[in-house]
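Subject: Structure handover

Hi,

Here is the structure I promised to pass on. Please open it alongside this note.

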Number of protein chains: 2
Amino acid sequence: MNLAAVFGKEIRRVRQEAGLSQEELAYRAGIHRTYISQLERGLKAPSLEVVFRICAALGQEPHELIKRVNQKLELPPTSHD
Amino acid sequence: MNLAAVFGKEIRRVRQEAGLSQEELAYRAGIHRTYISQLERGLKAPSLEVVFRICAALGQEPHELIKRVNQKLELPPTSHD
C-alpha cells in the first residue's frame, strides 16, 4: 500500500474506535465529509495541515499517528494487500 | 508561526546540520530545488508525501520531525516571531 492508503486506513480505524461518523469527524476537523471519505479510501493524499487537523479532531498526537503509518508502510505486504 | 513556517524552519535546520545544500537535499528527495527553498521559507505547505520524502533524504524518522514541529507550534510566540 502507498502512503495515502495506509494513512486512510489508519484514520478510519481511529475514527471508528472513537465512535465517530465521517460527518462528525469532518465537522470537528473543519473538512468536508466527502474529503474525509476520499482520504479514508486512499483516493486523496493529505497535506500535513490536514493530518494535524484530523489528529486534533480525533484527540491523537500527530507524531504517534505518523509513527504507526510509517511502521505499516515498512511492513512487507501480506497476501491480502 | 503557522505549520508551514515551523516545518520549513525545522527542515532548514536539519539540512544545515547535515551539511547539505538545498540542491543536494532536492536531488536526494526527488523534489525541485525551488520547492525546497519555498518550503524552508514557509511559502508552501507540504503534503505528507513530501514530508516523508524529505525525512528519508535527511535520515530523519518522520514521527520525530513531526513531534518537534508540533512542540514548536504549541509554544507561545516569542517577541521575535
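Below is what was found, starting with the single chain and moving on to the pairing.

This is a predicted model, in which local features need pLDDT of at least 70, side-chain atom pairs count only at pLDDT 80 or more, and totals for chains, interfaces and linings use all residues. Residues are numbered from 1 along each chain as its sequence is written, while chains are lettered from A and ligands numbered from 1 in the order in which they are written.

The fold of chain A

Chain A has five helices and zero strands. Helices (H or I, at least four residues) and strands (E, at least two) are DSSP runs, numbered from the N terminus. The order from the N terminus is α-α-α-α-α. The radius of gyration of chain A, taken over C-alpha atoms, is 12 Å. The globule rule (2.2 Å times the number of residues to the power 0.38) gives 12 Å for 81 residues, so chain A is as compact as a globular protein of that length. Its C-alpha atoms fill a box of roughly 35 × 25 × 25 Å along the principal axes.

How the two chains pair

A rotation of 180 degrees, with 0.0 Å of shift along its axis, superposes chain B on chain A at RMSD 0.0 Å.

In the interface, 14 residues of chain B contact 14 residues of chain A. Contact means C-beta atoms, placed from the backbone, within 7 Å. On the chain B side, helices H1 (3-17), H4 (48-58) and H5 (62-74) each give two or more residues. H5(B) gives the most, with five. That side divides into nine nonpolar, three polar and two charged residues. Nonpolar means Ala, Val, Leu, Ile, Met, Phe, Trp, Tyr, Cys and Pro; charged means Asp, Glu, Lys and Arg; the others, Gly among them, are polar. 100% of the interface residues of chain B are also interface residues in chain A, so the copies meet through the same surface.

One helix contact in chain B

H2(B) and H4(B) meet through Leu25(B), Arg28(B) and Ala29(B) of H2(B) and Arg53(B), Ile54(B), Ala57(B) and Leu58(B) of H4(B). These residues divide into five nonpolar, no polar and two charged.

Best wishes

Definitions and conventions. Two residues are in contact if their C-beta atoms, placed from the backbone, lie within 7 Å. Copies are superposed by least squares on the C-alpha atoms of residues with pLDDT of at least 70 in both.
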